[in-house]
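Subject: Structure handover and notes

Dear colleague,

I am passing on the structure we spoke of, together with notes on what was found in it. Please read the notes with the model open beside them.

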Amino acid sequence: MKILSMTGLCSEKIMYICIQICKKMDALQEIKKPIEAEMAEYRRVFELCMTSDNALLQEVLTLVSSRMGKMMRPILTLLSAKLFGEVNERSQTTAVALELLHTATLIHDDVVDESDERRGQASVNKLYDNKIAVLVGDFILALSLQNVAKVRNPRLMEIVALTSQRLSSGELLQLKSVHNQEISEQVYFRIISEKTAALFSACAKAGAMSVTDDEMAINQLAEFGEMVGICFQIRDDIFDYSSDRSIGKPTGNDMKEGKLTLPVIYALKSTGNQEMYRIAESVKNFTVADADVARLVAFTKENGGIDYARKVMHEYSDKAKSLLSVFPDSPTRTALMQYVDFVSDRSV
């Protein structure tokens, strides 16, 4: 009771939050069922990679490794492989390489964005400094390249290399967009395709390619991953309009970083509200006041921005599922279908 009085939360709300978290965890466990043993092996291989005889480097690597999260991308890689047969060493090594690439880009992105938090926890650059963060990111990127080299498959190596290029290109495009006064859905989708969907696409494609030579199937999975990645980023952007601190992302955080995402773009375009356009311009100029961020968030909610973003997200999730429908029914295909739902419905 003392804890409840300190937090100001009623027992019913705490119970509701716990139930929702348990439901999400149960859903994720169900998704991982076809690859339970493979995920255990993946974690073992990943943790073996994250080692160094440099004391400071090992300290940071241990911290990063402890924050592996839900492992959405390795799950996608291994399920995509399992869809066509048995997960093999190539599948595992590629899954590790792609997750290491993802980890390195997150560390670098936090430096670029000057972010102090990553999912509610202090970022590496906050805990240490930018120099250490950049160098650790470089080290992990090198680990990614080292792992993909073990596969000795030029096509899988090319996937990792091209994905790294797309991720960098997307980050640069976003930086350019922040300083560009144009407010456009087209630019938004190009950015999230490069910054987020590229990696999901690579995971699905590489997973399939590690087991099958069927080009049509491989391309189908690549497109599936792209659709899932777009869903993932739209859902992430919707979080920016939530006041729930358990998400690990403060309300209006994207706007404070100069970013205008799909919900507010729609609200602005559909209403043509000039006052809100002026606030949006101040977002891009990094001169926006906290009170105006709150106004723009409220305006977006009141003018259908969240509903529109959800509608678009579900259109992409439907496309993703339709791409899977050509494959024979199996527990793995069912798990991939559930994976799409999890990405769209996740609360964190």
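In these notes, a residue is called buried when its relative accessible area is under 20%, exposed when it is over 50%, and partly exposed in between, with a 1.4 Å probe and protein chains only. This is a predicted model, in which local features need pLDDT of at least 70 and side-chain atom pairs count only at pLDDT 80 or more, while totals for chains, interfaces and linings use all residues. Residues are numbered from 1 along each chain as its sequence is written, and side-chain values use heavy atoms, with hydrogens and water left out.

Beginning with Lys 70, its relative accessibility is 26%, and therefore Lys 70 counts as partly exposed. Lys 70 sits in the loop between helix H4 (55-65) and helix H5 (72-82), where helices (H or I, at least four residues) and strands (E, at least two) are DSSP runs numbered from the N terminus. Its C-alpha atom is separated by 8.3 Å from that of Leu 28, although the two residues are 42 residues apart along the chain. Met 71 belongs to the loop between H4 and H5 as well, but with a relative accessibility of 9% Met 71 counts as buried.

Phe 286, which is not a glycine either, has a positive phi of about 60°; Phe 286 is placed in the loop between helix H14 (274-284) and helix H15 (290-302) and, at 46% relative accessibility, counts as partly exposed. As background, most residues other than glycine have a negative phi.

Within helix H5 lies Arg 73, which counts as buried because its relative accessibility is 11%. Setting aside residues up to four places away in sequence, Arg 73 touches Glu 99, His 102, Leu 199, Phe 200, Cys 203, Phe 232 and Tyr 339, a contact being heavy atoms within 4.5 Å. Thr 103, in helix H6 (residues 89-112), is likewise buried, at 11% relative accessibility, and, with residues up to four places away again not counted, touches Phe 46, Val 64 and Ile 140.

Ile 140 leads on to the largest nonpolar core, which has 101 residues, and in which Tyr 42, Ile 140, Phe 189, Phe 224, Ile 234, Leu 296 and Tyr 339 touch the most other members. Such a core is a set of buried Ala, Val, Leu, Ile, Met, Phe, Trp, Tyr and Cys residues joined through side-chain atoms within 4.5 Å. Helix H10 (residues 185-209) gives the most to this core, with 12 residues. Beyond its neighbours within four places in sequence, Phe 224 is in contact with Leu 76, Ala 204, Ala 320, Leu 323, Leu 324, Leu 336 and Val 340.

For the protein as a whole, the secondary structure comes to 17 helices and two strands. The radius of gyration is 21 Å, close to the 20 Å that the globule rule gives for 348 residues, so the protein is as compact as a globular protein of that length; the radius is taken over C-alpha atoms, and the rule is 2.2 Å times the number of residues to the power 0.38. Buried residues make up 51% of the 348 residues, and the C-alpha trace spans about 55 × 50 × 50 Å along its principal axes.

With best wishes
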